Amino acid sequence: MNLLNELLDDLTHVVQDHLPLILQGAGVITGGLLAGGFAKWLLFRFLAAYNQRFPRFWIAGTLKHLDRPLFYFLPLLVLSTVLPLVPLRADAHEVFRRIVEIALTCAFAWTLIGCVYVVQYRIRHKYQLDKADNLKERKLYTQLQFVKKVVIITIVFFTICLILMSFPTVRKIGTGLVTSAGIAGVILGFAAQRSLGNLLAGFQIAFTQPIRIDDVLVVENEWGKVEEITLTYVVLRIWDQRRLILPLNYFIEKPFQNWSRTTVELLGTVFIYLDYSAPLEEIRKELTRILPQNHLWDGRVGILQVTDFKERTMEVRILVSASDSASAFDLRCWVREKMVTFIQQNYPESLPVTRTAGTGESSKPPFVPMEEATQ
């Protein structure tokens with residue numbers, strides 16, 4: 001019992017002696033965090049009110065993408081400023097300062113990444129893809145997506161470097177790491193040459209742009225649109241909602257079709273095989289009559305031509321134009337249905353037939369008497 005009383009007395013004396021310092025330290029830390037939080041709240045209230053009265057894309061992007069990063073960055077920034085006022089021993093103060101600096105560095109990196117997304121938000125709302133002629137926008141989106149990933153990776157890399165270099169032990173072994181970096185780089189280069197090749201291919205695609213975001217491609221006998229371009233691969237959204245994943249090197253080393261490289265306008269072809277007796281002028285007049293009825297036809301091209309003769313049929317090609325590849329496909333299907341229906345209803349004899357013809361008596365079957373036929 002006496003021992004317990006002595007421990008309580010010692011604890012009481014310690015608390016009485018250090019209570020003012022503890023309260024001062026807690027007050028400085030709490031005050032710094034609250035001051036930074038209040039500054040962040042005040043800033044965002046002002047931006048929200050300003051954006052409500054004078055809408056701006058960059059303000060809307062700031063409110064959307066910098067809310068959480070600044071919620072941590074500004075309080076930590078104020079805390080690091082008032083940190084010398086915290087009454088701690090030298091060794092404890094150094095540990096606490098190191099923790100605050102690391103947290104502040106991470107929060108600052110998060111804020112920089114948020115700024116990258118603010119720039120992306122601003123560009124995407126200024127340059128929209130949902131219009132007929134979006135070639136300029138698709139070029140910009142392709143470069144923006146690749147540059148954004150490179151910038152974010154660079155920010156994360158330098159943040160890790162700054163955190164590691166803040167420790168004296170790591171700084172001392174840094175010289176040894178630098179001297180061995182050349183050998184390690186050669187080894188890693190051989191081990192990851194395909195990945196590095198994809199990375200270099202990504203730079204080439206981003207700036208020479210054989211493909212862009214939302215381009216229409218025919219790759220590996222599949223038709224689809226470019227949905228995403230990463231640092232190592234391309235995602236192609238196939239027409240039936242499948243996804244085709246291809247490495248970036250594929251688009252540098254192998255041929256493929258790009259239906260929207262310079263313009264989204266496209267010509268569609270419809271082939272019909274008819275008998276030689278088909279009235280071409282009447283069919284051509286019908287094509288001229290029905291095309292204006294469909295809004296998918298852009299009015300540039302609408303012709304009918306005989307492009308080939310087969311052994312039993314002639315090949316008739318109908319050429320129509322549309323504003324984009326999807327419209328061209330639907331227009332081709334519509335024209336094919338209309339023309340086949342027209343021919344069936346008006347000139348059914350013009351559909352392909354197989355003829356069997358003979359000459360003179362030899363073409364008639366021999367006469368066989370009934371008695372012989374029944375035997």
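## Contacts, cores and loops in a predicted model

Among contacts between residues at least 6 apart in sequence, 65% join residues at least 24 apart in the protein chain. The model is predicted. The protein chain has 375 residues, and 31% of them are buried. Its secondary structure comes to eleven helices and eight strands. The accessible surface is about 24,100 Å². Carbon and sulfur atoms account for 63% of that surface.

**The recorded spans**

The unreviewed UniProt entry lists residues 20–48, 69–87, 99–119, 146–167 and 173–192 under "transmembrane region". Two of these spans can be described from the model. Residues 69–87 are 74% helix and 0% strand, and their end C-alpha atoms lie 29 Å apart. Residues 99–119 are 100% helix and 0% strand, with end C-alpha atoms 31 Å apart.

Start with Ala35, in helix 1 (residues 2–53). Its relative accessibility is 38%, so Ala35 counts as partly exposed. Val78 is 43 residues away along the chain, yet the C-alpha atoms of Ala35 and Val78 are separated by 7.1 Å.

Now take Thr159, in helix 5 (residues 135–165). Is Thr159 buried or exposed? Thr159 counts as buried because its relative accessibility is 12%, and the cut-off for buried is under 20%. What does Thr159 touch, once neighbours within four places in sequence are left aside? Its contacts are then Thr105, Cys106 and Ala109.

**Aromatic rings**

How many aromatic pairs does a search of the whole structure find? The search finds eleven. The ring planes of Phe157 and Phe158 meet at 75°, so this pair is edge-to-face. Their ring centres are 5.5 Å apart. Phe46, Tyr50 and Phe54 form one aromatic cluster. A charge also meets a ring: the charged end of Lys40 sits over the ring of Phe44, 4.7 Å from the ring centre.

**The nonpolar cores**

The largest nonpolar core has 23 residues. Those with the most contacts inside this core are Leu274, Ile283, Leu287, Ile318, Leu331, Val335 and Met339. Which elements give two or more residues to the core? They are strand 6 (266–274), helix 9 (280–290), strand 8 (314–322) and helix 10 (325–346). Helix 10 gives the most, with seven residues.

Leu287 shows how the parts meet. Leaving aside its neighbours within four places in sequence, Leu287 is in contact with Gly302, Ile303, Leu304, Ile318, Val335 and Met339. Another core lies apart from the largest one. This other core has 16 residues, among them Leu217, Leu236, Leu246 and Leu248.

Most residues other than glycine have a negative phi.

| Residue | Phi | Loop between | Relative accessibility |
|---|---|---|---|
| Gln241 | about 75° | strand 3 (233–238) and strand 4 (243–247) | 66% |

Gln241 counts as exposed because its value is 66%.

Key: Residues numbered from 1 in each chain as written. Predicted model: local features only at pLDDT ≥ 70, side-chain atom pairs only at ≥ 80, totals over all residues. Heavy atoms only, no water. Phe/Tyr/Trp six-rings, centres within 6.5 Å; stacked < 30°, edge-to-face > 60°. Lys NZ or Arg CZ within 6 Å of the ring centre and 35° of its normal. Core = buried A, V, L, I, M, F, W, Y, C linked by side-chain atoms within 4.5 Å. Buried < 20%, exposed > 50% of the residue type's maximum accessible area, 1.4 Å probe, protein only. Helix = DSSP H or I, 4+ residues; strand = E, 2+ residues; numbered from the N terminus. Contact = heavy atoms within 4.5 Å. Areas by Shrake-Rupley, 256 points an atom, 1.4 Å probe, with all protein chains shown as cover. UniProt positions renumbered as here; feature names shortened; annotations may be inferred.
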